[in-house]
Amino acid sequence: GGGGGEGGGEGGLVGGAAFEGECWPGVSSWVDFLQPRAQQWWAQLYSGAGEGRPRRWPSWLHAWNDMNEPSVFSGAELTLPRDALHVVQGAPAPSPSSVEVEHRLVHNLYGALQAAATFAGLSARAGLPSGGERPFLLSRSFFVGSQRHGAVWTGDNTASWDQLRLSVQMVLALGVSGLPFAGADVGGFFGTPPPELLLRWYQSASHLPFFRSHAHVDSPRRE
């Protein structure tokens, strides 16, 4: 989410800042990542390359794009309404230079474009070692091509044996789909795993490409 006037100006927000919903910060607007200027504005938050913008994302710090399906708590489907409008710029002839499209047509692109913009900003930071350094980026939402930008995980799971079994199946499926840098929340995001389940989950997840113990704020610590 972002406040009105951010996102590269009001026109850089989904619905031109007309759409507001609820997410973790409260009342929020959403950056329209289908617009190049919105992508550039987002990337500058990491690179510090914007006019008058100090570099504030250290070269040793990396990023996690969460809730980027995008998640809208107040939405009927917990995401942007299907008829929320995005602006697609640079459409080929005979179309006009920009057209409005409904979110239902571009939903799967949203998180992938955010991750691409984040990766671009992280890669452009000053102070990186000579020859550059590939940044680490973790994204909950992804699409075809997202493997170029970072790791992914399978989202909010639960502390159960069925979910442990499913986590292996899902990560393997992601791997054969071209997204090999993937993992699942070890121990389950929701709930409290009994000791035997947590032990077996740690053992199993140690063989996955991405390993992370991650749980809901109301779940007991299990590191």
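This is a predicted model: local features need pLDDT of at least 70, side-chain atom pairs count only at pLDDT 80 or more; totals for chains, interfaces and linings use all residues.
Visitor: What share of the residues counts as buried?
Guide: Buried means under 20% relative accessible area, exposed over 50%, and partly exposed in between (1.4 Å probe, protein chains only). The protein has 223 residues, and the buried share is 43%.

Visitor: How many helices and strands does the protein have?
Guide: Both are DSSP runs numbered from the N terminus: helices are H or I with at least four residues, strands are E with at least two. From the N terminus on, the order is β-β-α-β-β-β-α-β-β-α-β-β-α-β. The count is 4 helices and 10 strands.

Visitor: How are α1 and α2 set to each other?
Guide: Axes are lines fitted to C-alpha atoms, for helices over the stretch in contact, and angles run from 0 to 180 degrees between N-to-C directions. Helix α1 (residues 36–47) and helix α2 (residues 103–123) have axes that come within 7 Å and cross at roughly 40 degrees. Angles under 35 degrees count as roughly parallel, over 145 as roughly antiparallel, 65 to 115 as roughly perpendicular, and the rest as oblique. α1 and α2 are therefore oblique.

Visitor: How do the residues in the contact of α1 with α2 divide?
Guide: Contact means heavy atoms within 4.5 Å. Here Q39, W42, A43, Y46 and S47 of α1 meet L113, Q114, A117, T118, G121 and L122 of α2. Ala, Val, Leu, Ile, Met, Phe, Trp, Tyr, Cys and Pro count as nonpolar, Asp, Glu, Lys and Arg as charged, and the others, Gly among them, as polar. The division is 6 nonpolar, 5 polar and no charged.

Visitor: Is α3 roughly parallel to α4, or roughly antiparallel?
Guide: Helix α3 (residues 161–176) and helix α4 (residues 195–205) pack with axes 10 Å apart, at an angle of about 5 degrees. That angle makes α3 and α4 roughly parallel.

Visitor: Is H149 buried or exposed?
Guide: H149 sits in the loop between β6 (137–139) and β7 (151–153). Not counting residues up to four places away in sequence, H149 touches A115, A116, F119, R134 and L137. The relative accessible area of H149 is 13%, so H149 is buried.

Visitor: How far apart in space are W30 and L80?
Guide: W30 lies in the loop between β2 (26–28) and α1. W30 counts as buried, at 3% relative accessibility. W30 and L80 are 50 residues apart in sequence, but their C-alpha to C-alpha distance is 8.9 Å.

Visitor: Which residues does a cis peptide bond join?
Guide: One of them, P70, is in the loop between β3 (63–65) and β4 (85–89). Omega is about 5 degrees in this cis bond, which joins E69 and P70.

Visitor: Is L78 buried or exposed?
Guide: L78 has its place in the loop between β3 and β4. Phi of L78 is positive, about 60 degrees, although L78 is not a glycine. The relative accessibility of L78 is 52%, so L78 counts as exposed.

Conventions. Residues are numbered from 1 along each chain as its sequence is written. Side-chain values use heavy atoms; hydrogens and water are left out.
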